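Welcome, and please take a look at the model shown here. A short tour follows.

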Amino acid sequence: MQEQNGLNPAQRELEAALEAMIPTITRADPIAAAFTAGTKLGRRRARFWQTVTAITLAVGIGIHFAPITHNYVPASSSEVHGTTALLQPPSAPTRRWLDQSLLMLQKAVDNSGVDALPAPRPAPVRAIGGSEIL
Amino acid sequence: MGELNRLTQIVIERLPRLALYARQWLDAASADDVVQEALVKLLMQPAPPDDPIAWMCRAVRNAAINSARSSSRRRRREQSAAESRREWFEARPESLIDAQLAEQTLRNLPDRQREIVVLRIWNGLGFAQIGQIVGLSTTTVHDQYAAALEHMRRALENPCRNKTD
């Protein structure tokens, strides 16, 4: 018995007869499917951009309202490890000269010489970590 | 765009065959729904699959099995099945096999064999592709296919005995 593709002639004949049979028409609608797919894709894209906008807005609001704080750590603190740098807070020189105006200093020098000048006070410093520099 | 058109055209021509495949688990109305869902999923793919027919067969199979398992859908399905009875094949005078007899013979096959026959004959898939979809080796698929054809041949040779079975 001659066999092709593992099938005998009778089976191949049946296969051919079955192939000729046409399944009944389906009610699936390709146009409606295309429309649904387009709608869903559009909705998905819109949802993506809505999410992006909401996140951006939330971050923006957070940045706008969040207080900017600086943690001042004393230079002598034993908790400071690693690389540290000492910086002067920007307000320190201003505060030092406010209570000693130029006129008052000039007057004091005129009256009593250079010795009348106030002793220099070390500026307050804060320590920052190496990670803050980078 | 041309690729998408070509792909859509290939699939649209095969929709009745895919619906026949879905009917291995579902009635006509639910099978149509499942094919429609699979078509929507295909059209939503960012890139067209290499083999759209095999892709659709897999999508239809998964959706049909899920649908068959759903109890709420089962109730609705039974209701719609009672309302609308649709044959599997078009009755044509030139057909060598009677449409109803072919459907009956197919229905009498074991589930796995029937699925393989539908995928092979009406969806034109190779044994390796069928093996990937149904989770069997190519050799097993081939053996099951040959056994199914033999079973059908005997049943069609003696349709009266088949009906009493």
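## Helix H8 of chain B

Helices (H or I, at least four residues) and strands (E, at least two) are DSSP runs here, numbered from the N terminus.

H8 of chain B spans residues 127-134, and its buried residues include B:Phe127, B:Gln129, B:Ile130 and B:Ile133. They sit on the same side of H8(B) because their arc around the axis is only 160°, taken over the directions from the helix axis to the C-beta atoms. Buried means that 20 or more other C-beta atoms lie within 10 Å of a residue's own, with C-beta atoms placed from the backbone.

## Where the chains meet

Chain A brings 26 residues into contact with 33 residues of chain B; a contact requires C-beta atoms, placed from the backbone, within 7 Å. On the chain A side, helix H1 (9-19) and helix H2 (30-65) each supply at least two residues.

## Chain A overall

Five helices and two strands make up the secondary structure elements of chain A, in the order α-α-β-α-α-β-α along the sequence. Of its 134 residues, 6% are buried.

## About the model

This is a predicted model, in which local features need pLDDT of at least 70 and side-chain atom pairs count only at pLDDT 80 or more, while totals for chains, interfaces and linings use all residues. Residues are numbered from 1 along each chain as its sequence is written, and chains are lettered from A and ligands numbered from 1 in the order in which they are written.

Key:
Two residues are in contact if their C-beta atoms, placed from the backbone, lie within 7 Å. A residue is buried if 20 or more other C-beta atoms lie within 10 Å of its own, exposed if 12 or fewer, and partly exposed in between; C-beta atoms are placed from the backbone.
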